[in-house]
Amino acid sequence: MRRVRDWISRLIRAMKIIARDERIPKPVRLLAGFALLPIPGPVDEVVLILIAPLFLGLYRPFFREAWAATAEPAG
């Protein structure tokens with residue numbers, strides 16, 4: 001269970017980085033920012049789940065950079 005929680009927190013940190021990346025069009029970044037808002041209920045999580053494949057498909061290099069930036073330091 002801890003691995004899943006760690007993976008989700010890493011995904012959220014990566015999405016925060018992507019939401020600030022100016023190489024990605026502003027409407028897409030706004031959706032990512034909306035997904036990161038602390039809205040009660042599952043609305044923000046649903047948006048995050050829907051937008052993550054978009055980043056994986058269209059913005060893969062940027063997502064890879066953000067994912068690498070969220071890696072735990074070795075040691």
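A residue counts as buried under 20% relative accessible area, as exposed over 50%, and as partly exposed in between. The exercises below concern a predicted model.

**Exercise 1.** Classify W7 and W67 as buried, exposed or partly exposed from their relative accessible areas.

*Solution.* The relative accessible area of W7 is 49%, so W7 is partly exposed. W67 has a relative accessibility of 21% and therefore also counts as partly exposed. For the protein chain as a whole, 29% of the 75 residues count as buried.

**Exercise 2.** Determine which kind of aromatic pair W7 and W67 form, and which helices the pair links.

*Solution.* The structure holds three aromatic pairs. In the pair of W7 and W67, the centres lie 6.1 Å apart and the planes make an angle of 55 degrees. Planes under 30 degrees apart count as stacked and those over 60 as edge-to-face, so the rest are tilted. The pair of W7 and W67 is accordingly tilted. W7 belongs to helix α1 (residues 2–19) and W67 to helix α4 (residues 60–69); the two are 60 residues apart, and the pair links distant parts of the chain. Together with F63, W7 and W67 form one aromatic cluster.

**Exercise 3.** Describe the fold of the protein chain and compare its radius of gyration with that of a compact globule.

*Solution.* The protein chain has four helices and zero strands, in the order α-α-α-α along the sequence. A compact globule of 75 residues would have a radius of gyration near 11 Å; the protein chain has 12 Å, so the two agree. Among contacts between residues at least 6 apart in sequence, 56% join residues at least 24 apart.

Technical notes
Residues are numbered from 1 along each chain as its sequence is written. This is a predicted model: local features need pLDDT of at least 70, side-chain atom pairs count only at pLDDT 80 or more; totals for chains, interfaces and linings use all residues. Side-chain values use heavy atoms; hydrogens and water are left out. The radius of gyration is taken over C-alpha atoms; the globule rule is 2.2 Å times the number of residues to the power 0.38. Buried means under 20% relative accessible area, exposed over 50%, partly exposed in between (1.4 Å probe, protein chains only). Contact means heavy atoms within 4.5 Å. Rings of Phe, Tyr and Trp (its six-membered ring) pair if their centres lie within 6.5 Å; planes under 30 degrees apart count as stacked, over 60 as edge-to-face and the rest as tilted.
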